[in-house]
Amino acid sequence: MAGPLPLGDPAPADGSLPSDLSVDPAVPFSAYLHVPFCRVRCGYCDFNTYTSGELRGAKQEDYASTLITEIDLAARVLADAGRLRPMDTVFFGGGTPTLLPAGDLARMLDAATDAFGLADGAEVTVEANPDTVTPEVVRTLADAGVTRLSVGMQSAVPHVLAALDRTHRPENVTTAVAAAKDAGLAVSVDLIYGAPGETLADWESSLDAALALESDHISAYALIIEDGTKLARQIRRGEVPMPDDDLQADMYELADARLGAAGFEWYEISNWARSEGERSRHNLAYWRGHDWWGFGPGAHSHVAGLRWWNVKHPAAYAQRLAAGESPAAGTERPDQKSATLERILLLSRIREGIAVADLAPAKRTRVAGLIADGLVDPAAAVRGRLQLTLRGRLLADAVVRELTD
């Protein structure tokens, strides 16, 4: 299970926003709907997810109705604050959203649309395990207003999938992508590199398989070892090796080269799209610091600089809502220093980068050094933007430290 929730101030039982909160109606608004169910727990996963044996007091079949109760609460809270805005993006994440009946996902989307409205051309994404995708499922989702399916491919190599505890069959990725395309959905595939025992040749095979799917968008994430996971325990016991940083760097460079040659362009360190219109607008909303409400157990929200997060367990989440209370467990307002650090951390990851003018004067003097070290693009810097080079993407944390320490 995920680690502990952050420390913060107590959240009001009615979920109300502070009276002095100033919400900018021009800032786009998004919704994240968390579905915390998985058939099995992957060894590397630190997300707030639960298998059937871990639910203890919560029923999967009741989940859609419970989450809709939070949607109703959110609509009241935002209306009271005078700032209801249509959703620019919606994202069903998990867990495995497609473990729920597609009709349940459709009901949740309908409820959110009724409560907030959906902006013209809104992006609506559902994450999916390949084994849970059928033509019937994607047709139901498309009819409900879903526009995009994000397929958890992770790898095309059986022994790599086994190392990650992924149980889907590689051939089902192909059928899932084909079904989504037939239903008129845009498609993204997600990959992970650096698993125990994965070679550069294995990774190359996975990249080739992902490109053969002819999707619109590909995400490629380096495996990170999270405390408390099965994989962390295996590494601690010496059963499997730690990921090799140099090998992961080679894998990233290979991904960027292969994807670039196939017509994909990076727009965030771990994400590539065929065109600007095929980028994940929902993820960009996070990186650009837009507003969003996170629905579901353990979900985090952000409105006008205020953050809050829900209780983690589905049973506690359901009990709060059944009692007419907000499921929020805590809240915080980052101070100016923390907010600046976060803004630089997030904006540095995306292609548009950071405006030099937004840096503190003392930090602007460090730009020349970043250019000399090959970490930011010199032409873009002359135009007033700090955009990471390939080397800069590999050393992004060092860039952030240089601009914030």
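Visitor: Which residues in α1 are buried?

Guide: In α1, the buried ones are Tyr63, Ala64, Thr66, Leu67, Ile68, Glu70, Ile71, Leu73, Ala74, Ala75, Val77 and Leu78. Buried means under 20% relative accessible area, exposed means over 50%, and partly exposed lies in between (1.4 Å probe, protein chains only). The model is predicted, so local features need pLDDT of at least 70 and side-chain atom pairs pLDDT 80 or more, while totals for chains, interfaces and linings use all residues. Residues are numbered from 1 along each chain as its sequence is written, and side-chain values use heavy atoms, without hydrogens and water.

Visitor: What do the buried residues of α1 pack against?

Guide: They pack against β1 (29-35), α2, β9 (291-295), β11 (306-310) and α10 (314-322). Helices (H or I, at least four residues) and strands (E, at least two) are DSSP runs, numbered from the N terminus. Contact here means heavy atoms within 4.5 Å.

Visitor: How do you know that the span of α1 agrees with its number of residues?

Guide: The expected span is 1.5 Å times one less than the number of residues. For the 18 residues of α1 that should give 26 Å, and the end C-alpha atoms are 26 Å apart, so the two agree. After α1 comes Gly82, with a positive phi near 75 degrees.

Visitor: Why are α1 and α2 called roughly parallel?

Guide: Two packed helices are described by the angle between their axes and the distance between the axes. Axes are lines fitted to C-alpha atoms, for helices over the stretch in contact, and angles run from 0 to 180 degrees between N-to-C directions. The axes of α1 (residues 63-80) and α2 (residues 102-116) come within 10 Å and cross at roughly 10 degrees. Angles under 35 degrees count as roughly parallel, over 145 as roughly antiparallel, 65 to 115 as roughly perpendicular and the rest as oblique. The pair α1 and α2 is therefore roughly parallel.

Visitor: Which residues of α1 and α2 meet, and how many are nonpolar?

Guide: From α1, Ala64, Ser65, Leu67, Ile68, Ile71, Ala74, Ala75 and Leu78 meet Asp104, Arg107, Met108, Ala111, Ala112, Ala115 and Phe116 of α2. By class there are 12 nonpolar, 1 polar and 2 charged residues. Ala, Val, Leu, Ile, Met, Phe, Trp, Tyr, Cys and Pro count as nonpolar, Asp, Glu, Lys and Arg as charged, and the others, Gly among them, as polar.

Visitor: What makes α2 roughly parallel to α3?

Guide: Helices α2 and α3 pack at an angle of about 10 degrees, with axes 9 Å apart. That angle makes α2 roughly parallel to α3. In α2, Ala102, Gly103, Leu105, Ala106, Leu109 and Asp110 meet Val137, Thr140, Leu141 and Ala144 of α3. This contact has 7 nonpolar, 2 polar and 1 charged residues.

Visitor: Is Val137 buried or exposed?

Guide: Val137, found in helix α3 (residues 135-144), has a relative accessible area of 18% and is buried. The C-alpha atoms of Val137 and Ala102 are 5.7 Å apart, although 35 residues separate the two along the chain.

Visitor: How do you know that Asn129 is buried?

Guide: Asn129 has a relative accessible area of 15%, so the residue counts as buried. Asn129 lies in the loop between β3 (118-128) and α3. Its side chain reaches the backbone nitrogen of Asp131 at 2.8 Å. That pair is a polar contact (N or O atoms within 3.5 Å; within protein, one able to donate a hydrogen and the other to accept it; residues adjacent in sequence count only if both atoms are side-chain atoms).

Visitor: What does the side chain of Asp165 reach?

Guide: The side chain of Asp165 reaches the backbone nitrogen of Gly43 at 3.1 Å. A polar contact of 3.2 Å also joins the side chains of Asp165 and Lys230. Asp165 is located in the loop between α4 (158-163) and α5 (170-182).

Visitor: Why is Glu214 called exposed?

Guide: The relative accessible area of Glu214 is 55%, so this residue is exposed. Glu214 sits in the loop between α6 and β6, and its phi is near 55 degrees, a positive value in a residue other than glycine.

Visitor: What makes Ala304 partly exposed?

Guide: Ala304 has 30% relative accessibility and therefore counts as partly exposed. The loop between β10 (300-303) and β11 holds Ala304, whose phi is also positive, near 55 degrees.
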